[in-house]
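Colleague: I am new to reading models like this. Can you take me through some features, one at a time?

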Amino acid sequence: MKLLAKRYARNAGAVIGLAILLAVIVMALAAPLLYEESPWTMVAAPLIPPFTDAAYPFGTDMLGRDITAGLVWGARVSLLVGLLSTGVALLFGIFVGTVAGYCGGRIDDALMRFTEFFQTIPQLAMAVVLVAVLGPSVYSIMGAIAVVSWPPAARLVRSEFMTLKQREFVQAAIVIGQTPARIVWSQILPNAMAPIIVSASFMVATAILTESSLSFLGLGDPNMMSWGFMIGAARTMIREAWWMSVWPGVSILLTVLAINLMGEGLNDALNPQLRKRGE
């Protein structure tokens, strides 16, 4: 762990990304303490410009709602959806990729055709249809994002398994009579975790962008404030109140950028040989 942390710390961008993401997480966790009232509450005069009132540093929207409160509460939604939907997608993707990569043959062919079916449909289009059918809620959004996110994870895990199962330590485990389940869990999967972890970080960033897109289109949870909803609600007020869309847009940008920088840092730390070859 110390060596991994050392390698990670060498990447300045990754350290900055981690700092930004930690700040967003702390802000999200502290939302009930910072703003006890609902972010939907009208607390002041409409369209107060940013940095003109200390009580509302980022201004208010056309209904007098505090933009800062919306940003803080919106962080909770983005992180919740990003982390949980990615977790579900990874579990299913790892399962499919493990079975396909280890078994091979007709089972591999069938599972890969099933995976390719989901990959032929644009992710956002499928997510929009699923949320529209199930009804806008945080659960349907997480489910839809998980459904469209698992195929790349499955293909990655399959590729790793097909490579690793040919290695000497796996062949030795087969020779001494270990069961397939034991070989998968104790030999192959631990050695395949590095690329899976890196891929998971990018999946979280994509999930946050997808959730923001759905909320922008009016398919977000109507009971939860989100950054995408804030941008969508402000699109008719861009000229009169630029801050209504700029601040949530900057929040999305910084969060996704931070996660991507962390992903690159993890890739460098977990695969130092690849970095040396690239240099």
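Modeller: Let us start with a term. Buried means under 20% relative accessible area. Keep in mind that this is a predicted model.

Colleague: Are Phe 118 and Trp 150 buried or exposed?

Modeller: Both Phe 118 and Trp 150 are buried. Phe 118 has 18% relative accessibility, so it falls under the 20% limit.

Colleague: What kind of pair do Phe 118 and Trp 150 form?

Modeller: They form an aromatic pair, and its geometry is edge-to-face. The centres are 5.3 Å apart, with 65 degrees between the planes. Phe 118 sits in helix α5 and Trp 150 in helix α7 (residues 138-164), so the pair ties together parts 32 residues apart in sequence.

Colleague: How many aromatic pairs does a search of the whole structure find?

Modeller: The search finds 11 aromatic pairs. One of them joins Phe 114 and Phe 118: the ring centres are 5.1 Å apart and the planes meet at 75 degrees, so this pair is edge-to-face. Both residues lie in helix α5 (residues 105-119), four residues apart, or about one turn of the helix. Phe 114 counts as partly exposed, because its relative accessibility is 38%.

Colleague: Which residues form one aromatic cluster?

Modeller: Phe 51, Phe 58, Trp 242, Trp 243 and Trp 247 do. A charge can also meet a ring. Arg 235 lies over the face of Phe 216, at 5.2 Å from the ring centre.

Colleague: Now helices. How do I describe two that pack?

Modeller: Use the angle between their axes and the distance between the axes. Take helix α9 (residues 180-216) and helix α11 (residues 243-270): the angle is about 170 degrees and the axes are 8 Å apart. Over 145 degrees counts as roughly antiparallel. Therefore α9 and α11 are roughly antiparallel to each other.

Colleague: Which residues make the contact?

Modeller: Among them are Ile 197, Phe 202 and Leu 209 of α9, and Ile 252, Ile 259 and Leu 266 of α11. The residues of this contact divide into 13 nonpolar, six polar and one charged.

Colleague: One last residue, please. Where is Ser 140 found?

Modeller: Ser 140 is in helix α7. Its relative accessible area is 7%, so Ser 140 is buried. Leaving out residues up to four places away in sequence, Ser 140 touches Val 131, Leu 134 and Gly 135. The C-alpha atoms of Ser 140 and Leu 219 are separated by 9.8 Å, and these two residues are 79 residues apart along the chain.

Definitions and conventions
Residues are numbered from 1 along each chain as its sequence is written. This is a predicted model: local features need pLDDT of at least 70, side-chain atom pairs count only at pLDDT 80 or more; totals for chains, interfaces and linings use all residues. Side-chain values use heavy atoms; hydrogens and water are left out. Axes are lines fitted to C-alpha atoms, for helices over the stretch in contact, and angles run from 0 to 180 degrees between N-to-C directions. Helices (H or I, at least four residues) and strands (E, at least two) are DSSP runs, numbered from the N terminus. Angles under 35 degrees count as roughly parallel, over 145 as roughly antiparallel, 65 to 115 as roughly perpendicular and the rest as oblique. Contact means heavy atoms within 4.5 Å. Ala, Val, Leu, Ile, Met, Phe, Trp, Tyr, Cys and Pro count as nonpolar, Asp, Glu, Lys and Arg as charged, and the others, Gly among them, as polar. Rings of Phe, Tyr and Trp (its six-membered ring) pair if their centres lie within 6.5 Å; planes under 30 degrees apart count as stacked, over 60 as edge-to-face and the rest as tilted. Buried means under 20% relative accessible area, exposed over 50%, partly exposed in between (1.4 Å probe, protein chains only). A charge sits over a ring if NZ of Lys or CZ of Arg is within 6 Å of the ring centre and within 35 degrees of the ring normal.
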